[in-house]
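Subject: Structure handover

Hello,

Please find the structure below, for your files. My notes on it follow.

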Amino acid sequence: MQQYTIHPLVVGANETDQGVMTYLRNYGEKIWIPIYVFYLKGGDKNILIDTGLEQFMVPDDLGNKYGFDILEFEDALATVDLKPEDVDLIVHTHLHNDHCENDYKCKNAKVYVQKAEMDFLKDPHPIDHRYYPDVLDEVEVVELEGDANICDGIDVILTPGHTVGGQSVAVNTSEGKAIITGFCCNDKNFPESGPAVTPGVHINAIEAYDSAQKIKAIADILIPLHDLAVGAKKTIP
Ligand SMILES: [Zn+2]
């Protein structure tokens with residue numbers, strides 16, 4: 001099976017409350033969450049997982065403090081020798097605005113999304129409306145229904161609850177199965193002992209809980225979608 005290395009690129013950061021990540025835990029604790037684009041290197045296609053927010057925000061010194069560069073989308077891609085038009089495939093964990101706003105720059109990419117997530121984007125429920133941008137009109141979208149193989153060594157696993165059609169991305173690496181979570185969370189969602197913690201933002205708390213347990217159980221390398229420590233790694237593994 002094809003092996004990949006995962007390159008986390010930081011394209012922005014937001015200050016928020018830890019409770020936005022961990023349901024009924026750690027409220028009142030201010031945290032920074034990096035916004036990632038993950039480049040998967042190894043196959044014959046240029047593959048991105050998510051594309052970040054278009055609006056660029058660089059908090060003073062945050063990158064220095066945590067050991068990563070925060071760059072605009074095009075500049076971040078340049079660090080792995082890519083231009084937006086070189087991207088062949090984009091796989092979306094979900095369609096909250098911090099994960100998909102730069103798709104339109106990747107004019108030659110096919111975009112893989114769960115059908116349920118795409119349907120929700122077109123007609124979001126008011127509870128979640130503010131997180132869904134007006135995107136994906138200008139790109140070729142491939143709608144998936146449930147678990148699916150994307151290409152050799154890359155699969156998606158349906159993990160709903162944070163959103164209706166969230167999908168986690170399993171990537172074959174030299175150190176086993178790395179999984180980028182399909183829901184917003186950080187390291188505190190995955191304590192050393194005990195169950196994984198439900199994402200703080202969710203449309204179905206029980207599904208969100210179950211999805212977090214499922215990914216924790218099957219990942220050899222777990223990559224929480226907004227974890228600060230992930231950005232300090234140039235490559236995973
Ligand atoms: Zn997010």
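The expected span of a helix is taken as 1.5 Å times one less than its number of residues. The model is predicted, and that rule can be applied to helix α4, residues 205-218: its 14 residues reach 20 Å from first to last C-alpha, close to the 20 Å expected.

Helix α4
Glu207, Ala208, Ser211, Ala212 and Ile215 of α4 are buried. They lie on the same side of the helix, because the arc they cover around the axis is only 135°. Ile206, Gln213 and Ala217, on the other side, are exposed. What do the buried residues of α4 pack against? Their partners are β9 (167-173), β10 (176-180) and β11 (221-223).

Core
The largest nonpolar core has 63 residues, and those touching the most other members are Val37, Phe38, Leu40, Ile90, Val91 and Val169. Strand β2 (residues 30-41) contributes the most to this core, with seven residues. Leaving aside residues up to four places away in sequence, Phe38 touches Ile6, His7, Pro8, Leu48, Ile49, Asp50 and Ile180.

Parallel pair
Strands β5 (residues 110-114) and β6 (residues 140-144) pair in the parallel sense over five bridges. Within this pair, Val113 stands opposite Glu143 of β6. The chain passes from β5 to β6 through helix α3 (residues 115-122), and this β-α-β crossover is right-handed.

Backbone points to check
Most residues other than glycine have a negative phi, and most peptide bonds are trans. Asp50, although not a glycine, has a positive phi of about 65°. Asp50 sits in the loop between β3 (47-49) and α1 (62-66), and counts as buried because it has 27 C-beta neighbours inside 10 Å. Asp81 is likewise not a glycine and has a positive phi of about 60°. Its place is in the loop between α2 (73-78) and β4 (89-91). Is Asp81 buried or exposed? Asp81 is exposed, with 10 other C-beta atoms within 10 Å. The peptide bond from Ile236 to Pro237 is cis, with omega near -10°; Pro237 is in the segment after α5 (228-231).

Asn26
Asn26 is in the loop between β1 (5-17) and β2. With 16 C-beta neighbours inside 10 Å, Asn26 counts as partly exposed. Not counting residues up to four places away in sequence, Asn26 touches Gln18, Gly19 and Lys188. Asn26 and Lys188 are 162 residues apart in sequence, and their C-alpha atoms are 9.1 Å apart in space.

Regards

Conventions:
Residues are numbered from 1 along each chain as its sequence is written. This is a predicted model: local features need pLDDT of at least 70, side-chain atom pairs count only at pLDDT 80 or more; totals for chains, interfaces and linings use all residues. Helices (H or I, at least four residues) and strands (E, at least two) are DSSP runs, numbered from the N terminus. A residue is buried if 20 or more other C-beta atoms lie within 10 Å of its own, exposed if 12 or fewer, and partly exposed in between; C-beta atoms are placed from the backbone. The arc is that of the directions from the helix axis to the C-beta atoms. Two residues are in contact if their C-beta atoms, placed from the backbone, lie within 7 Å. A nonpolar core is a set of buried Ala, Val, Leu, Ile, Met, Phe, Trp, Tyr and Cys residues joined through C-beta atoms within 7 Å. Two strands pair if DSSP finds at least two bridges between them. A crossover is right-handed if, with the strands pointing away from the viewer, the path from the first strand over the helix to the second runs clockwise.
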